[in-house]
Structures are given as structure tokens and as C-alpha cells.
Amino acid sequence: MASASTQKQLKTGDAFPVSVSECIENSGKPIKILEQVPCVLFFYPEANTPGCTRQACGFRDNFGVFKSKGYSVFGVSMCVPEKQTTFQSDFNLPYSLLTFSSEQIEQIGLTRENGKVVRGHIVLGRDGKVAHAEYTVSPEESIERATTFVKTVATTEASSEHSAKPAVPGDGDDDDEDDGGGLASLLNGDLEDDDSDSDDFVRMCTAVLCIVVSCGPEAAVHGSVASCVRDTDVCLPLAAY
């Protein structure tokens with residue numbers, strides 16, 4: 001058995017080994033980790049011991065955070081499924097506990113010199129690669145750092161998606177600051193001084209009546225004309241003027 005110091009531990013950017021992906025849930029059901037990404041794997045030496053219990057309960061208490069960001073959570077050790085199930089039941093753990101063989105643990109560099117599992121965690125991205133990993137940490141450090149990383153990544157991804165989203169006419173992003181088009185101008189009294197004044201006035205009156213009927217008199221009196229026009233189907237034809 002290789003010592004912890006000579007094993008090659010997974011680092012950011014590494015692909016998670018397919019051979020390690022296939023393991024057993026505490027229910028006895030086979031599972032492929034790479035089919036569960038993105039996910040958080042936290043590793044602990046022995047179920048139902050003080051440090052491992054703190055670690056497992058910490059991930060339990062933050063389970064809602066991971067779930068809301070789209071991440072599955074799995075606890076991993078070399079304990080047999082029956083012991084994992086007892087551990088899960090005793091502490092109401094909302095996630096599955098996985099049993100790795102000693103060969104699988106050694107393959108990802110997490111075997112201690114005493115044969116136990118190195119405490120730590122690995123976050124796998126949607127591409128099946130390691131997005132974040134920390135080893136030989138305390139139970140509290142494992143919880144805090146994994147949670148912080150997932151929160152940060154989820155926020156960054158959401159921001160990137162928003163920035164990449166194409167502008168939609170009328171969503172407030174136009175340089176011309178569309179405030180409801182010609183209709184708003186009519187309601188503001190910005191009539192052009194030409195022969196079409198009478199037609200504009202008729203359209204203005206019709207528009208006001210439409211908004212009063214559809215949205216209530218407050219929309220015509222206060223500054224909610226543009227939003228009302230956009231949200232009211234019956235007024236949309238008038239917004240073209």
C-alpha cells in the first residue's frame with residue numbers, strides 16, 4: 001500500500017477516474033458518480049466517530065445550499081454499506097453514503113498510512129473534472145470550504161449566463177431607453193407640430209381609455225404607463241404608434 005505522501009491526489013482540472021466512479025451506495029445499489037455531476041464528495045475515515053459525525057452533520061446542515069445550486073452530495077468511506085446505512089439513519093443524513101474499495105481510495109490518493117481514508121472533499125463540475133479539492137482538513141474546514149466554493153461558482157455561473165443573454169427589445173437595455181414608444185410620448189403631451197396633431201390626439205385619448213379600462217385609472221395618472229402597455233395585450237396595438 002502506498003503511503004499518503006507518495007500517492008497522487010486529484011487536483012483541479014483532473015478528470016475523475018471512470019474506474020473510481022463506479023461504487024456502491026449504502027442501500028447496496030450500484031451507482032456511477034460521473035452520472036451524478038455536478039456533485040460534492042466528502043471523504044471521512046470511519047462512520048459514527050466524533051470527527052466524521054461532525055463532518056457528515058455539517059454537510060447535512062448545508063445540504064439545502066448544495067441542492068439549491070444544483071449539486072448532489074455524497075459521503076465516502078471504506079465502511080461497509082450496512083454501517084453506512086446505520087450512520088445515515090442515526091443522524092438523518094439526506095444524502096447517500098458511498099463505499100469505496102481500498103484500491104479506489106488509493107487510486108485517488110486518499111489512503112492514510114494506517115489504511116484509513118484521508119479526510120477531505122472533491123467538487124466535480126458538470127464536465128466530470130475536479131473543480132475543487134482539499135485534503136487533510138478538519139471536519140469544519142471541509143464543510144466551510146466546500147460550501148463556500150459551490151456558492152461562489154454558482155454565483156459566477158449565474159452572472160456569466162446573465163451577461164451572455166442577448167438584449168430583448170423593451171427590457172430596459174436599449175440605448176434609446178424605450179419608455180413605451182410613441183404611446184408614452186403621446187400621453188406625455190409630446191405631440192408633433194404638424195397636420196397629424198388631430199390624429200395623434202385621437203390616438204392619445206384612445207390609449208388613455210384603454211389603459212384606464214385595462215389597468216385602472218392609477219396607471220394613466222401615475223408613472224406606470226409603459227409597464228402597463230407592455231403587460232396588457234389589449235393595449236399592445238396602440239403601443240406601435
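Q: How many disulfides does the count come to in this chain?
A: A disulfide is a pair of cysteine sulfur atoms within 2.5 Å. By this rule the count here is zero. Take Cys23, which is in no disulfide: the nearest cysteine sulfur belongs to Cys39, 9.8 Å away. Cys79 is in no disulfide either; the sulfur of Cys52 is the nearest, at 7.7 Å.

Q: What kind of model am I reading?
A: This is a predicted model: local features need pLDDT of at least 70, side-chain atom pairs count only at pLDDT 80 or more, and totals for chains, interfaces and linings use all residues.

Q: Is Cys23 buried or exposed?
A: Relative accessible area decides that. Buried means under 20%, exposed over 50%, and partly exposed in between, with a 1.4 Å probe and protein chains only. Cys23 has 6%, so it is buried. Cys79 is buried too, at 5%. Across the chain, 40% of the 241 residues count as buried.

Q: How many helices and strands does the chain have?
A: Both are DSSP runs, numbered from the N terminus: helices are H or I with at least four residues, strands E with at least two. This chain has 11 helices and seven strands.

Q: In what order do the strands of the sheet stand?
A: Two strands pair if DSSP finds at least two bridges between them. Here seven strands form an open sheet, in the order E2-E1-E5-E4-E3-E6-E7, with mixed pairing. On average, neighbouring strands are turned by 30° against each other, direction ignored.

Q: Which strands run parallel to E4?
A: E5 (residues 96–99) does, joined to E4 (residues 72–77) by four bridges. One partner pair there is Ser77 and Thr99. E3 also runs parallel to E4, through five bridges.

Q: Why is E3 described as largely enclosed?
A: In a regular strand the side chains alternate between the two faces of the sheet. In E3, five of the five residues are buried, so the rest of the structure largely encloses this strand. Cys39, Leu41 and Phe43 are buried on one side, and Val40 and Phe42 on the other.

Q: Which helices lie across these strands?
A: Angles run from 0 to 180 degrees between N-to-C directions; axes are lines fitted to C-alpha atoms, for helices over the stretch in contact. Contact means heavy atoms within 4.5 Å. H2 (residues 50–61) lies across E3 (39–43), E4 and E6 (120–124), at about 165° to E3. H4 (residues 81–90) lies across E1 (22–25), E4 and E5, at about 160° to E5.

Q: Which side chains make polar contacts with Gln55?
A: A polar contact is a pair of N or O atoms within 3.5 Å; within protein, one must be able to donate a hydrogen and the other to accept it, and residues adjacent in sequence count only if both atoms are side-chain atoms. Gln55 lies in H2. Its relative accessible area is 0%, so it is buried. The side chain of Gln55 pairs with that of Arg119 at 2.8 Å, and with that of Ser142 at 3.2 Å. Beyond four places in sequence, the contacts of Gln55 include Phe42, Phe43 and Pro139.

Methods. Residues numbered from 1 in each chain as written. Heavy atoms only, no water.
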